[in-house]
Amino acid sequence: MISNSKEVLDFVDRLVRIDRLGAEKIFNAVREQGSMSRTVDQLILPALEVIGNGWEEGTVALAQVYMSSRICEELMTHVPPDDAAEHLGNLPMAIAVLEDYHQLGKIIISACLRASGYSFQDYGRVTPEELAQKIVEDSIEIVLISTLMLRSALLVKEVKDLLAKSGSSARIVVGGAPFRFDPQLWQEVGADAMGANATEAVAAIATCMSRK
Amino acid sequence: MNLKKGKPAMTSMERVQAALTHQEPDRVPLSLLLTVHGARELGLGIREYYSKAEYVVEGQLRMLEKYRYDFVNALCAAALSLEPFGGEVIWYEDGAPNSGEPFLKTEQDILSLQVPDPTCTPSFVRMLRAIAMLKEKLGDEVPITGVVVSPFSLPVLQMGFPAYIELMYERPDLFERLMQVNQEFCLAAADAQIKAGATAICYFDALLSSNVTAQPHLAAGFNVARETLAQINSPKAIHMATAPTLPVIEDVIATGSAIIGVGILDDLVKLKATCRGRLTILGNLNGIEMRRWTPEQTEKNVKQAIAEAGPGGGFILADNGEIPWQVSEETLLAVSDATHKWGHYPLCHEAEI
């Protein structure tokens, strides 16, 4: 859902110009008019979707996507939570990268998730064994895995197999360059969904939730 | 032997030089950035393969003969650029080494960063020795590619991309400091490779794209590129990994680079129309997807790329970056076979695509 209201477009403009104060002013104005969940649904999510689409279309740079996500995350941390978490459900969720120190994708997705009102475990950089073990221990139902290298993307298959052996039915959402460049790869490694960008990743979570 | 069409067979060097001067050589030159695959040729582990210059040379020569391409290189991985700075490199059994934990964590780390001498680092010394040995064996018949990570992209490995983006926005003073140190290091690394026998230097910069970097930092990156490349005394190529190049192609041309390495996000037809006679295109087979290509798909993709960008010269068929370990020998042979089948000038299959 995209709302192209003036407020959203103004907010997007402030975000991509990395104007923290300007973005905060618009955020506070919308927040004062309604609940946090309404602010998320009508301002944050549409703005991040516009910015994500802008990146796909080549009008927004990855650096702006990153900084916008961080600003939205910061704005969300400065307001008391209300019913934002409630409307998203209480789904045990986690995010990780596999054996890779390139964490930009994970940080962008994490910021978007927090800005969207989701709570989740951040497992950081882990091996497939460590990830599967943590998923089982924490009874995680959805795990997001961000990758940069093909080698890391192929390790998702190991995670899938380890989870199956452990009896876990956790859904796996993957993202990152290898999956963008090979559209069949996410299915090959046994993932349940693929997000080409942060917005798609959030949408993929919703899809997985609806299938539970 | 390249006797299939009317043009006389050329050496790889002559073929590449013709492409760079926007003339049609005997056939489209082929560049496959094969690094770790040399270990497979010798039956060695990847780390062991890179432990001796002799192994790398033997691996490159065997692959040159097997895949009949037109470039050799002694490159291990971009991550090795960290070793002179004391950074961590992580080795794998089934892929190129990767950079470890970022080592620039504080303002003081950046302020106290010194320009290391790359020729004092064992892995770099081995690479220089391999270049020299390749030069001795191949003379001027086959181009030897040297590689540097650009001063503008190196901080991604040194401090992590997220921290680097924030630094660009929030600490222009530290950004300048990093550029000074990295540029001096980059020039020393390029100079050493040229002296060892490298024919050309590939300036690897994944950040020089409007898809990755926003203004005014993108302009700063091109300033660094222009300044740095002007001081490298050899033909130069810019490679942006998988980032789209068309939106910044005029800036690339302004750097004086002879070649632009392009990825699959670029439209070869549009790019060729823009670059014709001005900049040679190197690309853009999908190295990630390549591991699942059938022989038929391989031939179709090679044929299409040649038809789109080959006419008139100025084109080198290549992958869109380093070819992953998981791409099979059969597929690489199919790429080579298709290039030798469809790449001869004058091209005769353009209308079929």
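User: Does B:Gly263 count as buried or exposed, and at what relative accessibility?
Analyst: In this predicted model, B:Gly263 sits in the loop between strand S8 (259-261) and helix H12 (268-275) of chain B. Residues under 20% relative accessible area are classed as buried, and the value for this glycine falls under that cut-off, so B:Gly263 counts as buried, at 0%.

User: Leaving aside neighbours within four places in sequence, which residues is B:Gly263 in contact with?
Analyst: A contact here requires heavy atoms within 4.5 Å, and neighbours within four places in sequence are set aside. With those conditions applied, the partners of B:Gly263 are B:Ala241, B:Thr242, B:Asn284 and B:Asn320.

User: How many Å apart in space are B:Gly263 and B:Gly43, C-alpha to C-alpha?
Analyst: Along the sequence, B:Gly263 and B:Gly43 are separated by 220 residues. Taken from C-alpha to C-alpha, their separation in space is 30 Å.

User: What confidence does the predictor give the complex, as ipTM and pTM?
Analyst: For chain B, the mean pLDDT is 94, and 97% of its residues reach 70 or more. For the complex, the predictor gives a pTM of 0.92 and an ipTM of 0.91.

User: What radius of gyration does chain A have, and what would a compact globule with 212 residues have?
Analyst: The C-alpha atoms of chain A fill a box of roughly 50 × 35 × 25 Å along the principal axes, and 55% of its 212 residues count as buried. The rule for a compact globule with 212 residues gives a radius of gyration near 17 Å, and chain A agrees with it, because its own value is 17 Å.

User: Among contacts in chain A between residues at least 6 apart in sequence, what percentage join residues at least 24 apart?
Analyst: The secondary structure of chain A comprises eleven helices and five strands. When contacts between residues at least 6 apart in sequence are considered, the share joining residues at least 24 apart is 73%.

User: Which helices of chain A do the buried residues of H2(A) pack against?
Analyst: Helix H2 of chain A, residues 20-33, has 14 residues and reaches 20 Å from its first C-alpha to its last, close to the 20 Å expected. Its buried residues are A:Gly22, A:Ala23, A:Ile26, A:Phe27, A:Val30 and A:Arg31. The helices of chain A that these residues pack against are H1 (6-16), H3 (36-57) and H4 (62-77).

User: How far apart are the closest N and O atoms in the salt bridge of A:Asp10 with A:Lys6?
Analyst: Both residues lie in helix H1 of chain A, four residues apart, about one turn of the helix. An α-helix has 3.6 residues a turn, so residues three or four places apart point the same way. A:Asp10 is partly exposed at 29% relative accessible area, whereas A:Lys6 is exposed at 61%. The closest N and O atoms of the pair are 2.7 Å apart.

User: How many residues apart in sequence are the parts that B:Arg129 and B:Glu54 tie together?
Analyst: The side chains of B:Arg129 and B:Glu54 meet in a salt bridge, at 2.8 Å from N to O. Because B:Arg129 lies in helix H6 (residues 122-138) of chain B and B:Glu54 in helix H4 (residues 53-67) of chain B, the pair ties together parts whose separation in sequence is 75 residues.

User: Which residues do salt bridges that share partners join into one network?
Analyst: The count of salt bridges over all chains comes to 33. Those that share partners form one network, joining A:Arg70, A:Glu73, A:Arg114 and B:Glu166.

Technical notes
Residues numbered from 1 in each chain as written. Chains lettered and ligands numbered in written order. Predicted model: local features only at pLDDT ≥ 70, side-chain atom pairs only at ≥ 80, totals over all residues. Heavy atoms only, no water. pLDDT = per-residue confidence, 0-100. Helix = DSSP H or I, 4+ residues; strand = E, 2+ residues; numbered from the N terminus. Expected span 1.5 Å × (residues − 1). Buried < 20%, exposed > 50% of the residue type's maximum accessible area, 1.4 Å probe, protein only. Rg over C-alpha atoms; globule rule 2.2 N^0.38 Å. Salt bridge = Lys/Arg side-chain N within 4 Å of Asp/Glu carboxyl O.
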